[in-house]
Amino acid sequence: MRIRVKAAGVSPTDAKIRGGYVQAVFRLPPDAVLGFEAAGVVDAIGPSVSGVNVGDNVASLLAGLGGYAEYVLASSWTPKPANVSWSDAAALPVAAEAALGILKQLRVVRGETLLVLGAAGSVGMIATQLAASWGVTVIGAAAPRDQDLVRSLGAVSVTYGDGLADRVRQVVASVDAVADTAGKGGLADAIMLAGGPARVMTLADARAADLGVAFSVGTPDRAPEALDQTMALLATGNLRIRRERQLPMEQAAEAHRLLENGDIHEKLVLDAH
Ligand SMILES: NC(=O)c1ccc[n+]([C@@H]2O[C@H](COP(=O)([O-])OP(=O)(O)OC[C@H]3O[C@@H](n4cnc5c(N)ncnc54)[C@H](OP(=O)(O)O)[C@@H]3O)[C@@H](O)[C@H]2O)c1
């Protein structure tokens with residue numbers, strides 16, 4: 001189906017693709033259009049598509065990219081409830097899929113203790129809330145400014161950075177699993193706290209293999225149910241997502257500059273209104 005885009009999410013991964021840092025996974029032609037996630041109005045439907053109509057409001061995780069555009073082709077979708085804004089709907093797909101995906105791969109279950117590195121980020125906030133809702137004890141590592149936020153998500157908060165293992169040990173002697181949703185160091189501490197790398201997983205740390213840690217890559221079967229599940233939670237007020245900064249679609253380059261400066265602590269969304 002084709003979607004007339006109302007809003008497109010910008011993920012840190014987009015900047016890595018554009019910069020050519022992940023060519024082993026994303027080798028794109030020079031005229032490729034970035035954008036893994038969009039929300040908009042269904043504009044045309046292919047002959048074998050059912051369950052959706054022209055004019056429906058949807059959000060989509062775009063396997064073929066192309067979200068930073070007026071129109072994009074999508075092969076999966078989730079209806080956008082009326083009380084979810086276009087920008088929230090566009091901000092959800094990538095983070096939701098990665099968050100649920102890494103929790104499933106770690107096989108985290110009720111009663112266990114999980115350390116989330118990057119608990120105040122787009123992926124980390126969702127992973128924290130989902131795990132907490134399953135009855136998992138979550139310890140969330142985040143910046144000093146985000147400690148209250150992480151606690152409000154149902155986690156015990158600790159400050160990220162040097163000395164992380166000691167700060168976590170003031171809360172618990174060890175953890176069962178670690179979801180690294182930040183990729184900014186911390187894996188060595190994570191391995192110590194989890195008693196080995198077997199249940200430590202990262203979405204973003206390129207040094208993972210050297211440390212024996214599994215790198216979780218988005219695949220169609222990692223968590224295809226994630227967007228449906230989290231959209232419902234968002235619509236009922238049972239999920240918080242990262243604060244957003246909206247830019248007009250024309251300012252996609254500026255969005256990438258902000259991401260690459262590392263000076264942005266919000267989810268960037270391109271607005272096509
Ligand atoms: N492999 C996959 O399938 C996949 C899928 C989605 C995303 N990703 C990757 O996952 C990463 C996170 O994505 P996102 O959208 O959640 O990004 P995000 O919203 O920018 O969140 C990143 C979070 O990590 C925090 N952080 C920074 N330094 C840290 C440290 N030393 N220890 C712990 N946390 C730290 C950031 O805090 P501050 O705000 O204080 O900097 C921020 O809260 C990106 O690298 C992205 O490319 C991978």
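Modeller: Before we start, a definition: the domain bounds used here come from an automatic or database domain assignment. Also, this is a predicted model.

Biologist: Fine. Which domains is the chain divided into?

Modeller: Domain 1 covers 2–92 + 242–271, and domain 2 covers 95–215.

Biologist: How far apart are the C-alpha centres of domain 1 and domain 2?

Modeller: They lie 26 Å apart. The contact takes 4 residues from domain 1 and 6 residues from domain 2.

Biologist: And the chain overall, how many helices and strands?

Modeller: There are 9 helices and 13 strands. The C-alpha atoms fill a box of roughly 55 × 40 × 35 Å along the principal axes.

Biologist: Changing topic. What is the strand order in the open sheet of 6 strands?

Modeller: The order is β8-β7-β6-β9-β10-β11, with parallel pairing. β8 (156–159) and β11 (214–215) stand at the edges with a single partner strand each, so one side of each has no neighbour in the sheet.

Biologist: How many bridges are there between β6 and β9?

Modeller: Strand β6 (residues 113–117) pairs with strand β9 (residues 177–180) over 4 bridges, in the parallel sense. Within that pair, leucine 115 has valine 178 in β9 as its bridge partner.

Biologist: Which strands does helix α7 lie across?

Modeller: Helix α7 (residues 187–194) lies across β6, β9 and β10, at about 165 degrees to β9. Helix α3 (residues 93–106) lies across β9 and β10 (200–202), and its angle to β9 is about 155 degrees.

Biologist: Now the largest nonpolar core. Which residues touch the most other members?

Modeller: Ala99 and Leu115 do, in a core of 88 residues. Helix α3 gives the largest share, 9 residues.

Biologist: Where does this core lie, and why?

Modeller: Domain 1 and domain 2 both give residues to the core, so it lies between them. As background, nonpolar side chains in soluble globular proteins tend to be buried together.

Biologist: Back to leucine 115. What is it in contact with, leaving aside neighbours within four places in sequence?

Modeller: Its contacts are Ile139, Ala141, Val168, Val175, Val178, Ala190 and Leu193.

Notes: Residues numbered from 1 in each chain as written. Predicted model: local features only at pLDDT ≥ 70, side-chain atom pairs only at ≥ 80, totals over all residues. Helix = DSSP H or I, 4+ residues; strand = E, 2+ residues; numbered from the N terminus. Pairing = 2+ DSSP bridges. Contact = placed C-beta atoms within 7 Å. Axes fitted to C-alpha atoms, helices over the stretch in contact; angles between N-to-C directions. Core = buried A, V, L, I, M, F, W, Y, C linked by C-beta atoms within 7 Å. Buried ≥ 20, exposed ≤ 12 C-beta atoms within 10 Å, placed from the backbone.
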